[in-house]
Amino acid sequence: MLQHISFTIGTKQYKTNGVSRDISIHIDPNTSLSCFHLPKPTIAPASSGSWIGDTRKGSTVNCEIASFCAHSSGTHTECVGHLTNERFSITECFNDWLSVGLLITVAPVQYSTCDGS
């Protein structure tokens, strides 16, 4: 198990305690957000002919298809590609392996209507 890692960026030294943190927002069709009046996420077993990818239905494996719009479910990282005609991915904009960053998490508040602004 990783005890700790130390690294220096510029003149500042950083050290982690080796504890991993899951900062993702998990997709749950029952509780996930849905903005801009887009459909909520769906997760369903894959199927092909009579085969259904669900152990509860006799399959030897769970194989699910998840469908969601990352822009309406609060699950994605913002990138300049949201604002430009040209498409970019975060990996095209970010070249360093380690960088100092600020993580901001905004707790969602549900409104009965949303005008998209």
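What share of the contacts with a separation of 6 or more in the protein chain comes from residues 24 or more positions apart? The answer is 28%, where a contact means heavy atoms within 4.5 Å.

The structure is a predicted model, in which local features need pLDDT of at least 70 and side-chain atom pairs count only at pLDDT 80 or more, while totals for chains, interfaces and linings use all residues. Residues are numbered from 1 along each chain as its sequence is written, and side-chain values use heavy atoms, with hydrogens and water left out.

**The chain as a whole**

The protein chain contains two helices and six strands, and its order along the sequence is β-β-β-β-β-β-α-α. These elements are DSSP runs numbered from the N terminus, with helices (H or I) of at least four residues and strands (E) of at least two. Of the 117 residues, 9% count as buried, a word that here stands for under 20% relative accessible area, whereas exposed stands for over 50% and partly exposed for the range in between (1.4 Å probe, protein chains only). The chain exposes about 10,300 Å², of which carbon and sulfur atoms supply 56%; such areas come from the Shrake-Rupley method with a 1.4 Å probe, and for residues only the protein chains shown count as cover.

**Side chains that pair**

Side chains of opposite charge can pair when their charged atoms come close. In the whole structure, one salt bridge is found, the term being used for a side-chain nitrogen of Lys or Arg within 4 Å of a carboxyl oxygen of Asp or Glu. The partners are R56 and D54, with 3.0 Å from N to O.

Y14 itself is partly exposed, with a relative accessible area of 24%.

A disulfide is a covalent bond between the sulfur atoms of two cysteines. The structure holds zero disulfides, counted as pairs of cysteine sulfur atoms within 2.5 Å.

**Partly exposed residues**

| Residue | Relative accessible area |
|---|---|
| C63 | 33% |
| C69 | 29% |
| D28 | 29% |
| P29 | 30% |

**A loop and a surface patch**

D28 lies in the loop between β2 (12–16) and β3 (42–45), and P29 is placed in the loop between β2 and β3 as well. For P29 and A66, which are 37 residues apart in sequence, the C-alpha to C-alpha distance is 9.5 Å. When neighbours within four places in sequence are left aside, P29 is in contact with K40, P41, T42 and I43.

L102, I104 and V106 make a nonpolar surface patch of about 390 Å². Patches are made of residues with over 30% relative accessible area and no salt bridge, with like charges joined within 9 Å and nonpolar side chains (Val, Leu, Ile, Met, Phe, Trp, Tyr) within 5 Å. I104 is found in the segment after α2 (90–93) and is exposed, with a relative accessible area of 63%.
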